[in-house]
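Please examine the model shown below.

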Amino acid sequence: DNSAHDVDLISQGEWSEIVLLGDTTACKRNGASFPETLRILRQHSEAAECASMQLGETLFSRLAPGTRLRAHCGPSNMRL
């Protein structure tokens with residue numbers, strides 16, 4: 001599921017997120033589905049620390065075919 005504020009970014013189609021590191025309760029379940037990705041992410045302390053301090057998330061975005069998003073950036077616009 002996406003954060004409530006993300007709904008306004010979708011101009012067409014469907015967008016969902018799979019959060020691996022962040023402040024959602026689904027992280028543990030999601031991480032079990034992607035153990036190797038999570039292992040690699042945890043080797044990058046900046047990703048894990050930002051998630052634990054609620055400064056950002058590490059996630060996969062799923063966009064259905066034909067989905068269009070409005071231009072946007074996160075609160076910090078950080079990238080790995």
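In this predicted model, Cys50 has a relative accessible area of 13% and is therefore buried, because that value lies under 20%. Cys27 is likewise counted as buried, at 12% relative accessibility. A disulfide is a covalent bond between the sulfur atoms of two cysteines.

**The helix α3 and its buried face**

- Cys50 belongs to the buried residues of α3, which are Ala47, Cys50 and Ala51.
- Viewed down the axis of α3, these buried residues fall within an arc of 100 degrees, so they line one face of the helix.
- The cover over the buried residues of α3 includes β2, α2 and β3.

**The nonpolar core**

- Which residues form the largest nonpolar core? This core has 7 residues, namely Ile18, Leu20, Leu21, Leu38, Leu41, Ala47 and Ala51.
- Two or more residues of this core come from each of β2 (15-21), α2 (35-42) and α3.
- The greatest contribution to this core is that of β2, with 3 residues.
- In soluble globular proteins, nonpolar side chains tend to be buried together.
- Leu38, a member of the core, is in contact with Leu20, Leu21 and Gly31 when its neighbours within four places in sequence are left aside.

**The loop after α3**

- Gln54 follows α3 and lies in the loop between α3 (45-52) and β3 (58-63).
- Is Gln54 buried or exposed? Gln54 has a relative accessible area of 59%, and because this is over 50%, the residue counts as exposed.

**The protein as a whole**

- The protein has 3 helices and 4 strands.
- From the N terminus on, these elements run in the order β-β-α-α-α-β-β.
- Of the 80 residues in the protein, 25% are buried.

Terms used:
Residues are numbered from 1 along each chain as its sequence is written. This is a predicted model: local features need pLDDT of at least 70, side-chain atom pairs count only at pLDDT 80 or more; totals for chains, interfaces and linings use all residues. Side-chain values use heavy atoms; hydrogens and water are left out. Buried means under 20% relative accessible area, exposed over 50%, partly exposed in between (1.4 Å probe, protein chains only). A nonpolar core is a set of buried Ala, Val, Leu, Ile, Met, Phe, Trp, Tyr and Cys residues joined through side-chain atoms within 4.5 Å. Contact means heavy atoms within 4.5 Å. The arc is that of the directions from the helix axis to the C-beta atoms.
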